Amino acid sequence: MKVTFQYSAGSEHGSDDYRYNNEVEAQEKFLSLKEIIRVQFQGCSDVEVIDEPDFYGIMDKPTGDWARVMLNSR
């Protein structure tokens, strides 16, 4: 299983992949990164949020900054 974290904030962009042998560890990492994203955007007043079982993403509409985490079984 793979967890992918991606973000774009101003001129900074990044992506990290985390690979796990079991679903429990991958799910824990996914939930941990989801919470980190939520905390980072909690002060933003105009955000678009997509919250699905295997995808979580937030975009701050005024700035265009965004972050997302994806859980992939491949």
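In the predicted model, Gly-57 has Arg-68 of strand E5 as its bridge partner. This bridge belongs to the region in which strand E4, residues 55–60, meets strand E5, residues 66–72; the two strands pair in the antiparallel sense over five bridges. In general, the strands of a sheet pair through backbone hydrogen bonds, in either a parallel or an antiparallel manner.

The pair formed by E4 and E5 is part of an open sheet of five strands, arranged in the order E2-E1-E5-E4-E3 with antiparallel pairing. Strand E2 (12–19) and strand E3 (47–52) form the edges of the sheet, each of them pairing on one side only. From one strand to the next, the twist averages 5 degrees. Helix H1, which comprises residues 23–40, packs on this sheet and touches strand E1 (2–9) as well as E2, E3, E4 and E5. The direction of helix H1 makes about 170 degrees with that of strand E5.

The analysis of empty space follows a general principle: rolling a probe the size of a water molecule over the atoms shows where such space is left. The largest pocket has a volume of about 190 Å³. Its lining consists of 14 residues, and those nearest the pocket centre are Ala-9, Gln-40, Phe-41, Trp-66 and Ala-67. E1, H1 and E5 are the elements that give two or more residues to this lining, and E1 gives the most, with four residues. By residue class, the lining of the largest pocket divides into nine nonpolar, three polar and two charged residues.

Methods: Residues are numbered from 1 along each chain as its sequence is written. This is a predicted model: local features need pLDDT of at least 70, side-chain atom pairs count only at pLDDT 80 or more; totals for chains, interfaces and linings use all residues. Side-chain values use heavy atoms; hydrogens and water are left out. Two strands pair if DSSP finds at least two bridges between them. Axes are lines fitted to C-alpha atoms, for helices over the stretch in contact, and angles run from 0 to 180 degrees between N-to-C directions. Contact means heavy atoms within 4.5 Å. On a 1 Å grid over the protein atoms alone, a cavity is a set of points where a 1.4 Å probe fits but cannot get out, and a pocket is an open set with protein on both sides within 12 Å along at least five of seven lines; lining residues have an atom within 4 Å of a point. Grid points are joined across faces, edges and corners, and a volume is the space filled by probe spheres set on the points. Ala, Val, Leu, Ile, Met, Phe, Trp, Tyr, Cys and Pro count as nonpolar, Asp, Glu, Lys and Arg as charged, and the others, Gly among them, as polar.
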